[in-house]
Amino acid sequence: MKIDIITVLPELLESPLNHSIMKRAQDKGLLEVQLHNLRDWAVNEYGQVDDYQYGGGAGMVMMCEPLAKCIEQLQQQHKFDEIIYVTPDGEQLNQSISNQLSLKENILIICGHYKGIDQRIRDHFVTREISIGDYVLSGGELAAAVLVDSVGRLLPGVLNDETSALFDSFQDGLLAPPVYTRPAEFRGWKVPDVLLSGNPKLVEEWRYERSLEITLQKRPDLLSE
Ligand code: ADE
């Protein structure tokens, strides 16, 4: 899968995408992420990519021209399956959206700044708008990093033990069960006996029951969907 990202702050994305599992995905050739600095398509030699908004009001708006030219240049290299604008007024990201996106070949993500991007880019290029939650970040970069991470780890072969993504919270509509590691007793606090029983069927049943219980307790909305 290839993900292109348009940003005015590539530095903000470099670290999250070049460590841990995202680094491994790229090293293995399963994921390619390419950052494009929008200032390379600026309207003048000062690197201008934003301007005052029509109708007045505080805050700058990212201009059509640099974005349109950048997108069109990238479209000559690939046909994008989705052109995603990360924005607080988009549909809220969840595991089902990440699963859908993990099946795509080429995705372009646009990171906004200031007041956002000119509506005409949203109307004419963007195919999907995604928010990572009901709060406002200073720009789209951290949201793009979250999106790429949640999609990238689902690509076949990225996680060492491929089954581990299957047991993630949300993957089957439930929160994950609790996990324990050695020692079996710490300060008198014991690991549940069933996990030491060596009986995989009992362990699986226990995990499923705990998942249901925890989901009912913390996120009953997930059970009614
Ligand atoms: N840009 C700013 N805030 C955001 C959010 N919550 N989700 C996605 N993109 C954003």
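Which element supplies the largest share of the lining of the second largest pocket? In this predicted model, the answer is β5, with five residues. β5 and β7 each bring at least two residues to that lining. The pocket has a volume of about 330 Å³ and is lined by 23 residues, with Val86, Thr87, Pro88, Val136 and Leu137 lying nearest its centre. Sorted by class, its lining has 11 nonpolar, nine polar and three charged residues.

This is also where the ligand sits. The elements giving two or more residues to the shell around the ligand are β5 (82-92) and β7 (128-131), and β5 again gives the most, this time three residues. The shell counts 13 residues, and the closest are Thr87, Ile132, Gly133, Tyr135 and Leu137. Eight of the shell residues are nonpolar and five are polar, with no charged ones.

On its own the ligand has 260 Å² of accessible area, and the protein covers 96% of that.

Now for the largest pocket, which has a volume of about 400 Å³. It is lined by 15 residues, and Phe167, Pro177, Arg207, Tyr208 and Ser211 are the closest to its centre. Helix α8 (residues 200-218) gives the most here, with five residues. The lining of this pocket splits into 10 nonpolar, one polar and four charged residues.

Technical notes
Residues are numbered from 1 along each chain as its sequence is written. This is a predicted model: local features need pLDDT of at least 70, side-chain atom pairs count only at pLDDT 80 or more; totals for chains, interfaces and linings use all residues. Side-chain values use heavy atoms; hydrogens and water are left out. A residue is near a molecule or strand if one of its heavy atoms lies within 4 Å of it. Accessible areas come from the Shrake-Rupley method with a 1.4 Å probe; for residues, only the protein chains shown count as cover. On a 1 Å grid over the protein atoms alone, a cavity is a set of points where a 1.4 Å probe fits but cannot get out, and a pocket is an open set with protein on both sides within 12 Å along at least five of seven lines; lining residues have an atom within 4 Å of a point. A molecule sits in a cavity or pocket if more than half of its atoms lie within 2 Å of its grid points. Helices (H or I, at least four residues) and strands (E, at least two) are DSSP runs, numbered from the N terminus. Ala, Val, Leu, Ile, Met, Phe, Trp, Tyr, Cys and Pro count as nonpolar, Asp, Glu, Lys and Arg as charged, and the others, Gly among them, as polar. Grid points are joined across faces, edges and corners, and a volume is the space filled by probe spheres set on the points.
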